[in-house]
Amino acid sequence: MTYRHATVRGDYADLASGAVLHSAPGFPAFPVRLATEMFLRAMELRGGGRATVWDPCCGSGYLLTVIGLLHRRRISAVLASDIDPAAVGLAERNLALLTRAGLAARAVHLAEQAERWGRASHTAAAEAAHRIASSLSADGGDVPNAVYQADVFDADRLLQILDGRPPDVVITDVPYSEQTSWHGPNGADGVAGMLNTLGAVLGENAVIAVAVRGRKAPRADRLRTCASFRIGTRTVALLRPQP
């Protein structure tokens with residue numbers, strides 16, 4: 001399957017994990033071009049407008065941060081959650097980069113590191129932070145965001161963090177046991193269990209875009225599959241709650 005929206009192979013060097021955006025061992029990044037393709041297909045299915053976007057298995061928050069920075073004009077807010085407290089802490093640092101103050105602070109820190117250690121990579125990353133901040137300002141400014149600790153299989157907790165405002169688009173890359181895996185008492189339920197829980201808490205107009213490793217598109221009883229596509233080693237399913 002070819003890309004339908006992200007047809008141009010862009011230069012995403014400024015968004016590389018571990019440069020401006022924070023990284024940590026055990027928290028894999030996500031292909032930026034595929035992130036754009038997933039988001040734009042979900043928005044196409046939704047029917048346009050601006051969306052609140054939620055990643056309920058956010059890990060480092062890299063996927064959400066990239067989408068927020070690249071598609072600010074289409075986004076009203078982003079919401080991240082994960083069961084792992086270490087992931088929540090890292091996601092908070094990355095989603096802070098969806099604000100001009102957060103990017104300015106990151107640029108200062110990187111410049112200080114460049115001066116201290118004499119590394120050209122830190123200087124380049126500081127310059128990238130300024131470029132990202134300029135682009136964010138031009139596209140609409142800070143992205144409202146929030147990060148929570150929550151088990152994706154716990155519907156009551158998910159409803160609590162959504163607080164009566166279900167998101168328009170859910171986008172996530174689920175754990176696949178190479179660097180990450182399911183946690184919590186219901187982790188054995190896997191992708192289908194996660195999707196069924198999401199189906200119980202989302203509004204009927206929501207769209208879920210979920211990426212998994214392998215050729216088989218994920219399915220769930222509470223959701224209807226609207227489309228699926230495969231790029232590289234990942235298969236992406238687009239689903240909606242049953243009417």
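In this predicted model, the largest nonpolar core has 50 residues. V20, M38, V53 and I171 touch the most other members. Helix 1 supplies the largest share of this core, with eight residues.

Take V20 as an example. Leaving out residues up to four places away in sequence, V20 touches D14, L97, L103, R106, L110, A125, A128, A129 and I132.

Now for the helices. Two packed helices are described by two values: the angle between their axes and the distance between those axes. The table gives both for two pairs.

| Helix pair | Angle between axes | Distance between axes |
|---|---|---|
| Helix 1 (residues 32-46) and helix 2 (residues 62-70) | about 70° | 10 Å |
| Helix 4 (residues 100-117) and helix 5 | about 165° | 8 Å |

Start with helix 1 and helix 2. They pack at about 70°. Angles of 65 to 115 degrees count as roughly perpendicular, so helix 1 is roughly perpendicular to helix 2. Which residues make the contact? Helix 1 brings V32, A35, T36 and F39. Helix 2 brings Y62, L63, V66, I67 and L70. By class, this contact has eight nonpolar residues, one polar residue and no charged ones.

How much of helix 2 is buried? Eight of its nine residues are, so helix 2 is mostly covered. The buried ones are Y62, L63, L64, T65, V66, I67, G68 and L69. What covers them? The cover includes helix 1, strand 1 (51-55) and strand 2 (75-82). Angles over 145 degrees count as roughly antiparallel, which means helix 4 is roughly antiparallel to helix 5. Helix 4 passes helix 5 in a left-handed crossing.

Which residues of helix 4 meet helix 5? They are R100, L103, A107, L110, A111, Q113 and A114. On the helix 5 side stand H122, T123, A125, A126, A129, H130, I132, A133, L136 and S137. This contact divides into eleven nonpolar, five polar and one charged residue.

Key. Residues numbered from 1 in each chain as written. Predicted model: local features only at pLDDT ≥ 70, side-chain atom pairs only at ≥ 80, totals over all residues. Heavy atoms only, no water. Axes fitted to C-alpha atoms, helices over the stretch in contact; angles between N-to-C directions. Helix = DSSP H or I, 4+ residues; strand = E, 2+ residues; numbered from the N terminus. Parallel < 35°, antiparallel > 145°, perpendicular 65-115°, else oblique. Contact = heavy atoms within 4.5 Å. Nonpolar A, V, L, I, M, F, W, Y, C, P; charged D, E, K, R; others polar. Buried < 20%, exposed > 50% of the residue type's maximum accessible area, 1.4 Å probe, protein only. Left-handed = near helix turned anticlockwise from the far one by under 90°. Core = buried A, V, L, I, M, F, W, Y, C linked by side-chain atoms within 4.5 Å.
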